[in-house]
Amino acid sequence: MCSMIPHPYKIDRVIKETHDTFTLELKSCNGNGNFEFKAGQFNMLYVFGVGEVPISISGDPNEIDTLVHTTRAVGTVTKEIAKLKKGNIIGVRGPFGTSWPVVEAKGNDVIIIAGGIGLAPLRPAIRQIISQRKSYGKVVLLYGTRTPEDILLRRELERLRSRLDIDIDVTVDRATREWTGNVGVVTSLLSSTPFDPINTTVMICGPEIMMRYTISELEKRGLNHDNIFVSMERNMKCGVGFCGHCQYGTEFICKDGPVFSFTRIKDLFGKREL
Amino acid sequence: MDSLERILKDHPFVKNLSPDHIQLIVGCAKNIVFEPGRFLFKEDEDASEFYIIRTGKVALEIYTPEYGPITIQTLGNGEVLGWSWLVPPYEWRFDCRAVELTRAIALDGKCLRGKCEQEPKLGYELMKRLSSVFEGRLYAMRLQLLDIYSSQEPKQSK
Amino acid sequence: MKKIDSFEFNSLLIALQQNGYKTVGPTVQNEVIVYDEINSIDDLPVGWGDSQEGGKYRIKRRNDHSYFGYVLGPITWKKFLYPSVQKLWQAKLTNSNFDITSETVEETKYAFIGIRACELKAIQIQDKVFTEGDFVNQTYKKIRDKIFILAVNCVVTGGTCFCASMGAGPKVTGMFDLSLTEIITNDEHYFLVETGSERGIQILSGISSHDADDHEINSGNELINNASANMGRSMNISGIEEILTNNFEHPEWEVVAEKCLSCANCTMVCPTCFCTTINDSTDLRGEIAERWQKWDSCFNADFSYIHGGSIRSSTKSRYRQWMTHKLATWHGQFRSSGCVGCGRCITWCPVGIDITAEVQAIRGSQQYQKTLNEE
């Protein structure tokens, strides 16, 4: 695939997740419908005449006939994407970037910690792990978000919970009166999650502040930086390492990331205005 | 060794206290169980106890006239709950309701207060430990307040 | 090594033109020496020199008729390799699809006339960025592959030059087709010519040339060595990677930020800066969309913008980013320095910020600290 030219995809379904977040299910317009990707990778999505934006792929890597993206309408392009309907065309360039260590984590316990919209880029990893459940030890998903109304992929979370071989815990920063679940920061869920720091892989995705205090808690529990993986975000224009926008120290988020082992970026992480 | 002592000895709150102090604390402690829905304490009640949660989950709530009770935080295994026993007027500021079956150790705060007055060294040790609890709780609450999952820039409302 | 008379230089230009090359090189426009299309020697800045300092550039008359008696102007060869504004593709919306037509890259073959050692090194650095990664920039490559390099060794130096410190000049090395050294004596005006490729040999074969004798070759070397020893600036780059990455909070960043206007001049004139931005637009009816690529700069306020704000909102952070990238992190990305010591950023900075002085300021107080520790 020529890396600078978007391929047209047709919107097959739009699912409203929360007041500002939605999922698009896309099918290729031209011929070969399969889209192969690795969990953690992203595409540049193009709205005709408006612009492009990098969005993580949020579908199941085993279901390659449909391309799925979950995104939040916060900027010019995503707000335009939010207006699109079934049948509209959207341009896709990708997949780009590095992936979650789903294969490398085999044999280990896995803790997946998601904050807010960060659940979307982790969902392909969750799906892939489930599809080979026997290859992993304990699997835990900890998810923190703003309010109960902001919980993404609710049905999926409920389905996952009904499997008896995964622990799922959800918390919100702010409760509504109907909410009977956890209230507090996502790291508070860690206190009820026993794990052996040697044989555990942790994958974290969410706002940078959330990743920062989560890593701090994990360090206190004896987890090695080699076992911690994060997904970073920066301004992107080309997605292929030419435009220079996504640079983060020596790293290009578009090709050296977005998924990084924390060891690789620990000297960069938390440096202000880097 | 008494089973209460066994449990308390390893908890960060009590760990590394001198054997005498540990005995003092054990002397003020008792096992307690709360069924789901039962209140551990209610706002404005006398705060004479505080709790170390062994297993289970409790919700700290505030009651609002328009919306009823709203949960501001949930606490689980290993958490230390309650410090109003230490601060005049020694009254609870929130409601606390067991969400799940919760087994806890209840400590007689009033009794401990008295013992700390007599033995400042014990008092200081407890203060250090409680400060650590406060610090962690405050940090977490500030992060909650930050509203980091919002797509809005922190703004002044007009 | 060959020798050609100065007027034969014109024949070189003609030979290239006859071989289908568009000859571009230095010429005077608006009292500045720029790179543009040149047809004959008459278009060259014959008899012109330049005087450069931090924030200052003037051309001045020389007392001879040299063709290359100056160093660098504000224009780099980036202008031809990937223009500052370039259409990438155009798309037409239909009911069920959109058709994208790639812009046909001009089939122009350029001959870069008078390119200097530092500039050639800069192109090699950009080749790594655009053609040696996982993705290849086709629009760049198509033009780049066809370029004929007629390089010139510097025998004069500029007030802000420091290519010698960076190992990037003044002698031309690397891949070139022809490399010339201009020599003017009381009696003669000639060029020494070194061939670097089959193409170079072929073009030279159509020109009248002699073998250069040892004396002439030595004169050439002496001039180049002289230029190397008389650079306007120098930069100590030993350990520069660690020094810059370990001094993220050095007070010097605040000092330079006071002066820096964040005007982006340095990035526009730098021959290795490669950042671009993408502009998508549509016609009024929304039926035809275009994607344009434009030069961008890490000094621009929204360069690092992500939902809500720019990561690097202060001038201090942007200057630090530019300099640290150029001299330090570039090594980790592309296994070389990003700087070739051309000095343009010093000359064209409106407030005369000097990258060599900045390095010294950060390095200098490190040494001070080290001495304190040793006492």
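Reader: What kinds of residues make up the lining of the second largest pocket: how many nonpolar, polar and charged?

Author: That lining has 11 nonpolar residues, nine polar ones and seven charged ones. Keep in mind as we go that this is a predicted model.

Reader: Thanks! About how much space lies in that second largest pocket?

Author: About 930 Å³. There are 27 residues lining the pocket, and those closest to its centre are A:Ser191, A:Glu217, B:Glu79, B:Ser132 and B:Gly136.

Reader: Which elements give two or more residues to the lining?

Author: From chain A, helix H4 (208-220) does. From chain B, strand E5 (68-75) and helix H4 (120-146) do.

Reader: And which one gives the most?

Author: H4(B), which supplies nine residues of the lining.

Reader: Let's turn to how chains A and B meet. How many residues does the contact take from each?

Author: Chain A puts in 26 residues and chain B puts in 23. Between them the two chains bury about 2100 Å², with 53% of that on carbon and sulfur atoms.

Reader: Which three residues of chain B supply more of its buried area there than any other three?

Author: Those are B:Gln144, B:Ile148 and B:Tyr149, which supply 35% of the area chain B buries against chain A.

Reader: What about chain A and chain C: how much area is buried between them?

Author: About 3600 Å², and carbon and sulfur atoms give 60% of it. In residue terms, 38 from chain A are in contact with 49 from chain C. On the chain A side, A:Phe48, A:Phe242 and A:Glu273 lose the most area to chain C, together 23% of what that side buries.

Reader: New topic! I clicked on C:Asp64. Where is it found?

Author: C:Asp64 sits in a loop of chain C, between strand E5 (56-61) and helix H2 (78-81).

Reader: Is C:Asp64 buried or exposed?

Author: Buried, because its relative accessible area is 18%, and buried means under 20%.

Reader: What does the side chain of C:Asp64 make a polar contact with?

Author: One partner is the side chain of C:Arg62, at 3.0 Å. The C:Asp64 side chain also reaches the backbone nitrogen of C:Ser66, at 3.1 Å.

Reader: Last one: not counting residues up to four places away in sequence, which residues does C:Asp64 touch?

Author: With those set aside, C:Asp64 touches C:Gly47 and C:Ile184.

Methods: Residues are numbered from 1 along each chain as its sequence is written. Chains are lettered from A and ligands numbered from 1 in the order in which they are written. This is a predicted model: local features need pLDDT of at least 70, side-chain atom pairs count only at pLDDT 80 or more; totals for chains, interfaces and linings use all residues. Side-chain values use heavy atoms; hydrogens and water are left out. On a 1 Å grid over the protein atoms alone, a cavity is a set of points where a 1.4 Å probe fits but cannot get out, and a pocket is an open set with protein on both sides within 12 Å along at least five of seven lines; lining residues have an atom within 4 Å of a point. Grid points are joined across faces, edges and corners, and a volume is the space filled by probe spheres set on the points. Helices (H or I, at least four residues) and strands (E, at least two) are DSSP runs, numbered from the N terminus. Ala, Val, Leu, Ile, Met, Phe, Trp, Tyr, Cys and Pro count as nonpolar, Asp, Glu, Lys and Arg as charged, and the others, Gly among them, as polar. Buried means under 20% relative accessible area, exposed over 50%, partly exposed in between (1.4 Å probe, protein chains only). A polar contact is a pair of N or O atoms within 3.5 Å; within protein, one must be able to donate a hydrogen and the other to accept it, and residues adjacent in sequence count only if both atoms are side-chain atoms. Contact means heavy atoms within 4.5 Å. Buried area is the accessible area (1.4 Å probe) that two parts lose on being put together, summed over both.
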